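Hi,

Here is the structure I promised to pass on to you. Have a look at it first, and then read my notes below.

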Amino acid sequence: ASMAWTWRCARLARLEPADASAPALDAVLRRTRGALRAGVKLNLAGMALTLLSAEQVVGTLLAKALAAGPVWGLGAPGAGSAAAVQAFTAIDLYVIQANTNSLAAHFVSLLAGLALLARSDKW
């Protein structure tokens with residue numbers, strides 16, 4: 001949804017008239033500012049959901065680690081260490097990476113939207 005909203009903001013930017021004396025400039029700027037505000041809210045909601053899912057993923061991995069049995073020392077072979085290593089699969093790491101990428105994308109989009117909103121007062 002954030003990508004579609006960013007595309008909408010790019011289309012709104014193309015609608016802006018080239019000269020600043022155009023009477024339609026105020027209407028276009030109002031729509032653009034409104035779209036930027038909605039985009040910031042959308043990215044905040046996306047970040048909140050991504051953080052919530054990150055907590056769920058960490059909880060699931062913690063449950064897998066606890067179910068594998070005790071591991072003595074920091075990576076030292078001990079009772080249950082082989083089971084703990086086998087409890088985590090490659091898909092677990094891919095899920096964590098995808099969640100982190102989604103969080104970073106929302107953060108960058110949020111920063112861009114806030115920067116544009118801060119500059120919109122100068123338009």
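**What I found**

The largest nonpolar core has five residues: Leu-36, Val-40, Met-47, Leu-110 and Leu-117. A nonpolar core here is a set of buried Ala, Val, Leu, Ile, Met, Phe, Trp, Tyr and Cys residues joined through side-chain atoms within 4.5 Å. The elements giving two or more residues to this core are α2 (25-67) and α4, and α2 provides the largest share, three residues. In soluble globular proteins, nonpolar side chains tend to be buried together.

Before you go further, please keep in mind that this is a predicted model: local features need pLDDT of at least 70, side-chain atom pairs count only at pLDDT 80 or more, and totals for chains, interfaces and linings use all residues. Residues are numbered from 1 along each chain as its sequence is written, and side-chain values use heavy atoms, with hydrogens and water left out.

**The overall picture**

Helices (H or I, at least four residues) and strands (E, at least two) are DSSP runs, numbered from the N terminus. Of the 123 residues in the protein, 24% are buried. Buried means under 20% relative accessible area, exposed means over 50%, and partly exposed is in between (1.4 Å probe, protein chains only).

The protein exposes about 8600 Å², and carbon and sulfur atoms supply 70% of that. Accessible areas come from the Shrake-Rupley method with a 1.4 Å probe; for residues, only the protein chains shown count as cover. Among contacts with a separation of 6 or more, 65% are between residues 24 or more positions apart. Contact means heavy atoms within 4.5 Å.

The average pLDDT of the protein is 76, and 72% of the residues score at least 70. pLDDT is the predictor's confidence in each residue, from 0 to 100. Where is the confidence lowest in the protein, and where is it highest? It is lowest in helix α3 (residues 81-87), with a mean of 57, and highest in α4, at 85. Where pLDDT is low, the predicted coordinates should not be read in detail.

Start with Leu-110, one of the core residues. Leu-110 sits in helix α4 and counts as buried, at 10% relative accessibility. Not counting residues up to four places away in sequence, Leu-110 touches Val-40, Asn-43, Leu-44 and Met-47. Leu-110 and Asn-43 are 67 residues apart in sequence, yet their C-alpha atoms are 5.9 Å apart in space. Val-40, seen from its own side, is in contact with Leu-110, Gly-113, Leu-114 and Leu-117, again leaving aside neighbours within four places in sequence.

Next, find Asn-99, which is also in helix α4. Is Asn-99 buried or exposed? Asn-99 is buried because its relative accessible area is 12%. Leaving aside neighbours within four places in sequence, Asn-99 is in contact with Thr-50, Ser-53, Ala-54 and Val-57. Of these, Ala-54 lies in helix α2 and is partly exposed, at 23% relative accessibility. The C-alpha atoms of Ala-104 and Met-47 are 8.8 Å apart, with the two residues 57 apart along the chain.

**One salt bridge**

How many salt bridges does the count come to? The count comes to one. A salt bridge is a side-chain nitrogen of Lys or Arg within 4 Å of a carboxyl oxygen of Asp or Glu. Asp-92 forms it with Lys-64, and the closest N and O atoms are 2.9 Å apart. The pair links distant parts of the chain, with Asp-92 in helix α4 and Lys-64 in helix α2, 28 residues apart. Asp-92 is buried, with a relative accessible area of 13%, whereas Lys-64 is partly exposed, at 28%. Side chains of opposite charge can pair when their charged atoms come close.

**A patch on the surface**

Finally, look at Ile-91, which lies in helix α4 (residues 90-120). Ile-91 is exposed because its relative accessible area is 54%. Together, Ile-91, Tyr-94 and Val-95 make a nonpolar surface patch of about 330 Å². Patches are made of residues with over 30% relative accessible area and no salt bridge: like charges are joined within 9 Å, and nonpolar side chains (Val, Leu, Ile, Met, Phe, Trp, Tyr) within 5 Å.

Enjoy exploring!
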